[in-house]
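Please find below some notes on this structure for a reader who has not seen it before. They are set out as numbered points.

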Amino acid sequence: MKKTGYLHDNRYLLHDTGPYHPEMGERLTAIYNGIKQAGLLDRLTLVPAVRAELEWIETIHDKTYIRRFEEVCLSGNRTFDYPDNQMCVDTYETAFLAVGGILDVARRIMEGEINNAFCAVRPPGHHAEKNQAMGFCYFNNVAIAARYLQNEHKIKRVGIIDFDVHHGNGTQQIFEEDPTVFYYSIHQHPSFAFPGTGREFEEGTGVGVGFTKNSPVLPGQGDDVYTQLIESDLRPAFERFKPEFIIVSTGFDGHVEDDMSDITLTTDWYSWIMKTIMQMADTYAGGRLISVLEGGYCLERLGELAANHVSILLDA
């Protein structure tokens with residue numbers, strides 16, 4: 001059995017998105033309860049959040065953007081950049097805790113304390129661009145983690161796999177010119193017209209051409225199409241790239257019971273994809289893998305999906 005970290009902290013609940021917003025604190029409560037009820041909590045290494053150092057966030061986001069985020073948040077405004085980015089006075093600090101917790105998990109993996117981890121954080125991050133918040137996201141958690149691994153721990157090649165049902169436009173934008181980070185996304189397109197990116201021909205720019213791969217899926221599709229694309233698009237790409245560390249943008253919002261998409265993935269598929277990613281992590285990255293929560297809004301299903309997810313990380 002692998003040593004698996006579980007980043008969980010009640011301070012992530014301080015990010016208040018208001019009533020009726022899908023990205024609510026109850027998501028993390030459902031995940032925690034599901035893992036606990038499955039009898040997995042005692043097998044995990046619980047990791048509390050720590051505040052990120054500003055220097056790491058500045059490796060990805062412009063200083064003016066970070067300052068603007070802080071000022072808008074502390075001024076008491078309830079939205080930032082777009083109406084769906086609901087926030088409160090605690091959101092800025094909570095975003096620092098999300099990044100810091102993930103970086104601490106990365107450090108623990110690199111120092112051999114744990115093998116892999118699931119980071120149940122809020123706010124999510126993969127829509128956040130260098131200087132703009134989007135889609136409930138303020139700091140791009142996985143992008144900052146990738147840069148931290150490269151700069152602090154000398155990892156040369158980071159592979160990012162994004163199976164949230166919405167395309168991670170922010171992560172793609174940040175690394176589209178970078179041949180040291182391979183970004184792969186499988187997602188619904190079109191997806192309620194959001195974010196409208198992630199088409200097949202988007203493969204990176206400049207020296208980064210060939211290090212971005214998108215697998216868009218039409219509405220109404222499910223397990224069979226997703227499995228086929230993972231096998232035909234992701235596996236060969238990672239066989240060529242050979243990532244030394246894998247970061248997963250984990251979104252459960254493609255589940256058939258989740259109202260945030262028209263994709264019909266089953267619970268079994270979510271288990272299959274993590275087994276597949278674990279296999280690739282063992283093959284190329286010495287098992288080093290961080291899973292970071294993005295979407296997933298069906299509270300009745302999140303607990304089960306998360307429990308299955310960490311069970312596979314434990315290799316139980």
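1. Lys242 is partly exposed, at a relative accessible area of 41%; partly exposed lies between buried (under 20% relative accessible area) and exposed (over 50%), with a 1.4 Å probe and protein chains only. Lys242 sits in the loop between helix H7 (223-241) and strand E9 (245-250). Helices (H or I, at least four residues) and strands (E, at least two) are DSSP runs, numbered from the N terminus. The phi of Lys242 is positive, about 55 degrees, although Lys242 is not a glycine.

2. This is a predicted model, in which local features need pLDDT of at least 70 and side-chain atom pairs count only at pLDDT 80 or more, while totals for chains, interfaces and linings use all residues. Residues are numbered from 1 along each chain as its sequence is written, and side-chain values use heavy atoms, with hydrogens and water left out.

3. Asp81 also has a positive phi, near 70 degrees, and is a residue other than glycine. Its loop runs between strand E3 (79-80) and strand E4 (82-86). With a relative accessibility of 34%, Asp81 counts as partly exposed. Most residues other than glycine have a negative phi, and most peptide bonds are trans.

4. Two cis peptide bonds deserve a look. One joins Arg122 and Pro123, with omega about -5 degrees; Pro123 is in the loop between strand E5 (116-119) and helix H5 (141-153). Another joins His189 and Pro190, with omega about 0 degrees, and Pro190 belongs to the loop between E7 and E8.

5. How do E7 and E8 pair, and over how many bridges? Strand E7 (residues 181-188) pairs with E8 in the parallel sense, over six bridges; strands pair if DSSP finds at least two bridges between them. Ile186 stands opposite Ser215 in E8. Strand E8 (residues 212-217) is largely enclosed by the rest of the structure, because five of its six residues are buried.

6. Glu53, Glu55, Glu58 and Glu152 form a negative surface patch. Such a patch is made of residues with over 30% relative accessible area and no salt bridge, with like charges joined within 9 Å. A salt bridge is a side-chain nitrogen of Lys or Arg within 4 Å of a carboxyl oxygen of Asp or Glu. Within the loop between helix H2 (54-57) and helix H3 (63-74) lies Glu58, which is partly exposed at 30% relative accessible area.

Note on methods: Patch = residues over 30% accessible without salt bridge, like charges linked within 9 Å, V, L, I, M, F, W, Y side chains within 5 Å. Areas by Shrake-Rupley, 256 points an atom, 1.4 Å probe, with all protein chains shown as cover. Lys, Arg positive; Asp, Glu negative; His and termini not counted. Charge placed at Lys NZ, Arg CZ, Asp CG, Glu CD.
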